[in-house]
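Let's take a friendly walk through a protein model together.

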Amino acid sequence: MAAMPAAGVAEAGAVEEKDSFNVELTSAGANKINVIKVIRAVTQIGLKEAKDMAEGAPVIVKEGAKKAEAEEIKKQLEAAGASVTLK
């Protein structure tokens, strides 16, 4: 029985090692304007680039973000109506 928790801890440790995430916009959803606003705020890019990004989903919005930053971006995009995954 003692070996099972050790294996679980090893698996959890492997999952926690990842400290850099890519935030992928999988769909801008129905409220594209709000999604574009969030993309602009997060990436500091222009309106046309943000619009192209929203319409070109799936696309990486932010690469190499720390876990907390990636989760915050995901939360903001989902609140705006987008579908987002962290990779």
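Let's begin with a pair of helices. The axes of α2 and helix α3 (residues 47-55) come within 9 Å and cross at roughly 120 degrees. α2 and α3 are therefore oblique to each other, and their crossing is right-handed. On the α2 side, the contact is made by K32, I36, I39 and R40. On the α3 side, L47, A50, K51, M53, A54 and E55 take part.

Keep in mind that this is a predicted model.

## The whole chain

The protein chain holds four helices and three strands. Starting from the N terminus, the order of its elements is α-β-α-α-β-α-β. Of the 87 residues in the protein chain, 24% are buried.

How much of the contact total comes from residues 24 or more positions apart? Among contacts in the protein chain with a separation of 6 or more, such pairs account for 70%.

## The buried face of α3

Which residues of α3 are buried? They are A50, M53 and A54. Seen down the axis of α3, these buried residues fall within an arc of 95 degrees, so they line one face of the helix.

## A closer look at α4

Helix α4 spans residues 67-79, which is 13 residues. From its first C-alpha to its last, α4 reaches 18 Å, close to the 18 Å expected at 1.5 Å a residue. Its buried residues are A70, I73 and L77. Seen down the axis of α4, they fall within an arc of 65 degrees, so they line one face of the helix. The face turned away from that buried side carries the exposed residues A68, K75 and A79.

What do the buried residues of α4 pack against? Their partners are β1 (20-27), α2 (32-43), β2 (59-66) and β3 (83-86). Just after α4 comes G81, which takes a positive phi of about 110 degrees.

## How α2 meets α4

Two packed helices are described by the angle between their axes and the distance between the axes. For α2 and α4, the axes come within 8 Å and cross at roughly 155 degrees. An angle over 145 degrees counts as roughly antiparallel, and α2 and α4 are therefore roughly antiparallel to each other. Their crossing is right-handed.

The residues making this contact are V35, V38, I39 and V42 of α2, together with I73, Q76 and L77 of α4.

## A70, a buried residue

Is A70 buried or exposed? A70 sits in helix α4, and at 0% relative accessibility it counts as buried. Buried means under 20% relative accessible area.

Setting aside neighbours within four places in sequence, A70 is in contact with F21, V23, A65 and L86. A70 and N22 are 48 residues apart in sequence, while in space their C-alpha atoms are 7.3 Å apart.

## Stops in the loops

The loops deserve a visit too. A30 lies in the loop between β1 and α2. With a relative accessible area of 86%, A30 is exposed. A30 and A82 are 52 residues apart in sequence, and 8.0 Å separates them in space, C-alpha to C-alpha.

Moving along, Q44 is found in the loop between α2 and α3. Q44 has a phi near 65 degrees, a positive value in a residue other than glycine. At 67% relative accessibility, Q44 counts as exposed. Finally, P58 is in the loop between α3 and β2. A57 and P58 are joined by a cis peptide bond, with omega at about 5 degrees.

Definitions and conventions: Residues are numbered from 1 along each chain as its sequence is written. This is a predicted model: local features need pLDDT of at least 70, side-chain atom pairs count only at pLDDT 80 or more; totals for chains, interfaces and linings use all residues. Side-chain values use heavy atoms; hydrogens and water are left out. Helices (H or I, at least four residues) and strands (E, at least two) are DSSP runs, numbered from the N terminus. The expected span of a helix is 1.5 Å times one less than its number of residues. Buried means under 20% relative accessible area, exposed over 50%, partly exposed in between (1.4 Å probe, protein chains only). The arc is that of the directions from the helix axis to the C-beta atoms. Contact means heavy atoms within 4.5 Å. Axes are lines fitted to C-alpha atoms, for helices over the stretch in contact, and angles run from 0 to 180 degrees between N-to-C directions. Angles under 35 degrees count as roughly parallel, over 145 as roughly antiparallel, 65 to 115 as roughly perpendicular and the rest as oblique. A crossing is left-handed if the near helix is turned anticlockwise from the far one by less than a right angle, and right-handed if clockwise.
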